[in-house]
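Please look at the sequence and the structure before reading on.

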Amino acid sequence: MDGYDETTYGQRWAPFYDQIYADVEDSVIDLLARHAGSPPRALELAIGSGRIALPLAERGVEVVGIDASEAMVAKLRAKPGGETIAVKMGNFVDVEVDDSFPLIYLAFNTIFALLTQEEQVTCFRNVAEHLEPGGRFIIDCFVPDVKRYDSFNTRTGVSSIVNVSESHLEMTVYDPINQLINTQLVRIVDGEAPTVLPIKIRFAWPSELDLMARLAGLELEDRFGWYDLRPFNERSTSHMSIYVKPD
């Protein structure tokens with residue numbers, strides 16, 4: 001997808017992000033708060049509009065964030081409590097903060113926003129450098145399912161109806177060599193011009209993520225099907241993985 005870089009998603013999605021994605025589930029906040037240490041502190045990579053950071057801060061966790069999108073962070077700042085959260089502007093792969101944390105988390109498949117294996121490995125290594133001994137790196141990701149694509153590695157015309165006045169149409173091209181997925185989501189709302197929202201990701205299998213963690217000196221502590229601790233098994237479509245930095 002020509003012209004797509006680390007700022008594209010935030011710039012294009014910011015006006016619609018909170019409308020498209022619902023509030024975060026309590027189970028997400030519950031689990032993150034349990035692993036935030038004492039006193040509770042956490043670093044969120046790709047903090048965005050504060051969908052997770054704000055309810056976590058309400059639980060008494062001091063949250064610091066990193067994000068590359070001024071537009072997304074502006075959404076965070078406009079929300080109650082958003083002005084009190086420290087945010088470092090930049091590419092989250094670099095983890096450019098002068099501190100260490102008992103918890104670093106990267107939610108909603110966002111490790112896949114790094115478009116090469118090298119960048120994903122670098123992110124794990126930089127996270128490890130900013131974790132306290134015994135600290136945890138928590139991510140959630142979808143489980144890749146290449147059956148979604150046809151013999152031409154495309155997935156076109158997949159639609160969803162949000163409500164009586166809004167629907168979405170998804171068109172995707174899959175690059176199996178580089179594990180890249182290029183998607184255009186067309187948002188159609190009554191009375192508005194259609195909006196095209198681009199997404200580009202590089203997916204990784206759970207076993208590949210585990211290897212990245214080991215290269216960074218982290219160990220897989222637990223893996224579940226989601227934050228509510230449902231089992232991860234052969235039918236799981238997503239996983240929540242907890243990596244720990246040895247003492």
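Is Ser 238 buried or exposed? The model is a predicted one. In it, Ser 238 has a relative accessibility of 17%, and because the cut-off for buried is under 20%, Ser 238 counts as buried.

## Surroundings of Ser 238

Ser 238 belongs to strand E11, which covers residues 238-244. Its side chain comes to 3.1 Å from the backbone oxygen of Gly 225.

## The four-stranded sheet

Four strands form an open sheet in the order E6-E7-E8-E9, and their pairing is antiparallel. Strand E6 (154-163) and strand E9 (195-202) each have a single partner strand, so they stand at the edges and one side of each has no neighbour in the sheet. From one strand to the next, the twist averages 20°.

In general, strands of a sheet pair through backbone hydrogen bonds, in either a parallel or an antiparallel manner. Between E6 and strand E7 (residues 166-175), the antiparallel pairing runs over eight bridges. Opposite Arg 155 stands Thr 172 in E7.

## Nonpolar cores

The largest nonpolar core has 35 residues, and the members that touch the most others are Leu 45, Phe 124 and Phe 137. At least two residues of this core come from each of strand E1 (41-45), strand E2 (62-67), strand E4 (101-106), helix H6 (117-129), strand E5 (131-142) and helix H7 (206-215). The most is given by H6, with five residues.

Which residues does Phe 137 touch, not counting those up to four places away in sequence? They are Leu 45, Ile 104, Tyr 105, Leu 106, Phe 124, Val 127, Leu 131, Leu 218, Ser 241, Ile 242 and Tyr 243. Another core, of 27 residues, lies apart from the largest one, and its members include Ala 42, Ile 52, Val 61 and Leu 76.

## Backbone exceptions

Most residues other than glycine have a negative phi, and most peptide bonds are trans. The peptide bond from Ser 38 to Pro 39 is cis, with omega near -5°. Pro 39 sits in the loop between helix H3 (26-34) and E1.

Asn 109 is not a glycine, yet its phi is positive, at about 65°. Gln 179, also not a glycine, has a positive phi of about 60°. Asn 109 lies in the loop between E4 and H6, while Gln 179 lies in the loop between E7 and strand E8 (180-189). With a relative accessible area of 22%, Asn 109 is partly exposed, whereas Gln 179, at 16% relative accessibility, counts as buried.

## Thr 110 in the E4-H6 loop

Where is Thr 110 found? Thr 110 is in the loop between E4 and H6, which is also where Asn 109 is found. Thr 110 counts as buried at 19% relative accessibility, while Asn 109 is partly exposed at 22%. The cut-off between the two classes is 20% relative accessible area, so the two residues are classed on either side of that value.

Leaving out residues up to four places away in sequence, Thr 110 touches Ala 46 and Phe 92.

Conventions:
Residues are numbered from 1 along each chain as its sequence is written. This is a predicted model: local features need pLDDT of at least 70, side-chain atom pairs count only at pLDDT 80 or more; totals for chains, interfaces and linings use all residues. Side-chain values use heavy atoms; hydrogens and water are left out. Two strands pair if DSSP finds at least two bridges between them. Axes are lines fitted to C-alpha atoms, for helices over the stretch in contact, and angles run from 0 to 180 degrees between N-to-C directions. Buried means under 20% relative accessible area, exposed over 50%, partly exposed in between (1.4 Å probe, protein chains only). A polar contact is a pair of N or O atoms within 3.5 Å; within protein, one must be able to donate a hydrogen and the other to accept it, and residues adjacent in sequence count only if both atoms are side-chain atoms. A nonpolar core is a set of buried Ala, Val, Leu, Ile, Met, Phe, Trp, Tyr and Cys residues joined through side-chain atoms within 4.5 Å. Contact means heavy atoms within 4.5 Å.
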